[in-house]
Amino acid sequence: MASGYLSQARLKAFSDSLHRIYGEPTGENPLRGIMDAIEQLLPMSSLSVDHVNPVDLSMKHIDDRYTEALPEIHEVVPQLIHDHPGVRHLIKHGPTPVQRLSDFVSERQLREISLYGHVQKLHTFRDQACMLVGVPYGAMAFVINHDRTYSDEQVALLAMLQPHVQRVMGRCALFAQFKINGHLTPREREVLFWMTRGKRDEEMATILRVGVRTIHEHVRRILAKLNVENRTSAVAVVLGGSEADAEPPWGS
């Protein structure tokens, strides 16, 4: 952006978007909150979330919004993805956390892409922004289409959001690897997660917006359910079990 500043309204929207993604329960599929946050920040015609294999650039569709009118689009995209200029740019220059298609493709070039005709059946398509987030076995691509060119300010907001999304997805990936046999409640699982991160009871109370006594009670129940005497043993149980690592919840 030429000015280097975001408007007060944009900053308020960004703050609200962070509340959305960090407000999702730890260990739950975070995609809904992330997609809500993106939609709050950027105008869009459609949004697609896809898992990308970095070895062969194959794709697995995960979720989307506003594509119901053209259900076959998710079969077409993996077949034609290598023709996409964003993918060619990635191969040539390496991955970047956020990219805007109009930065390196003219509107005329865009119309020549094989994918363009299919997406055009769904909605008017003039620009695309993509946010990449590292996840186990590849990257998650959040692809946002729009009928106008995305502004520098809008791309800056997406770039500001990316490290927060990366943190939430990484937290969820770690949580998915826990080896838990104690039938913990969702809140107990959250407390246990923060125990593995070395948080004290006072810190967990602040993070989860509950009283310290409530955290004490959750910890007591966690230790009882895991049949261990202390926190160190509880962390060892969930991080050192013998079961095979679970796949990330968004890959199911």
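Is Phe193 buried or exposed? In this predicted model, Phe193 has a relative accessibility of 1% and therefore counts as buried, since the limit for that class is under 20%. Trp194 is likewise buried, with a relative accessible area of 7%. One aromatic pair is found in the structure, and it is formed by Phe193 and Trp194, whose ring centres lie 4.9 Å apart and whose planes stand at 80°, so that the pair is classed as edge-to-face.

In soluble globular proteins, nonpolar side chains tend to be buried together. The largest nonpolar core of the model holds 31 residues, and those with the most contacts inside it are Ile38, Phe142, Leu161 and Val165. Two or more residues are given to this core by each of helix H1 (8-22), helix H2 (31-41), strand S1 (46-52), strand S4 (127-135), strand S5 (138-146) and helix H7 (152-176), and H7 gives the most, with seven residues. When neighbours within four places in sequence are left aside, the contacts of Phe142 include Ile34, Ile38, Val49, Met131 and Val165.

An open sheet of five strands is arranged in the order S2-S1-S5-S4-S3, with antiparallel pairing. Strand S2 (59-65) and strand S3 (98-100) stand at the edges with a single partner strand each, so one side of each is left without a neighbour in the sheet. Neighbouring strands are turned by 20° against each other on average, direction ignored. Between the antiparallel strands S4 and S5 there are nine bridges, and Gly134 has Ala139 in S5 as its bridge partner. Helix H2 lies across S1, S2, S4 and S5, and runs at about 60° to S2.

Side chains of opposite charge can pair when their charged atoms come close. In the whole structure, 13 salt bridges are found. In one of these, the closest N and O atoms of Arg65 and Asp36 are 2.7 Å apart, and the pair links strand S2 with helix H2 across 29 residues. Arg65 is buried at 17% relative accessibility, whereas Asp36 is partly exposed at 23%. Both residues also belong to a network of salt bridges that includes Arg20 and Glu39.

A salt bridge of 2.8 Å, N to O, joins Arg100 and Asp152; because Arg100 lies in strand S3 and Asp152 in helix H7, parts that are 52 residues apart in sequence are tied together. Here Arg100 is buried at 10% relative accessibility, while Asp152 is partly exposed at 40%.

How values were computed. Residues numbered from 1 in each chain as written. Predicted model: local features only at pLDDT ≥ 70, side-chain atom pairs only at ≥ 80, totals over all residues. Heavy atoms only, no water. Phe/Tyr/Trp six-rings, centres within 6.5 Å; stacked < 30°, edge-to-face > 60°. Buried < 20%, exposed > 50% of the residue type's maximum accessible area, 1.4 Å probe, protein only. Core = buried A, V, L, I, M, F, W, Y, C linked by side-chain atoms within 4.5 Å. Helix = DSSP H or I, 4+ residues; strand = E, 2+ residues; numbered from the N terminus. Contact = heavy atoms within 4.5 Å. Pairing = 2+ DSSP bridges. Axes fitted to C-alpha atoms, helices over the stretch in contact; angles between N-to-C directions. Salt bridge = Lys/Arg side-chain N within 4 Å of Asp/Glu carboxyl O.
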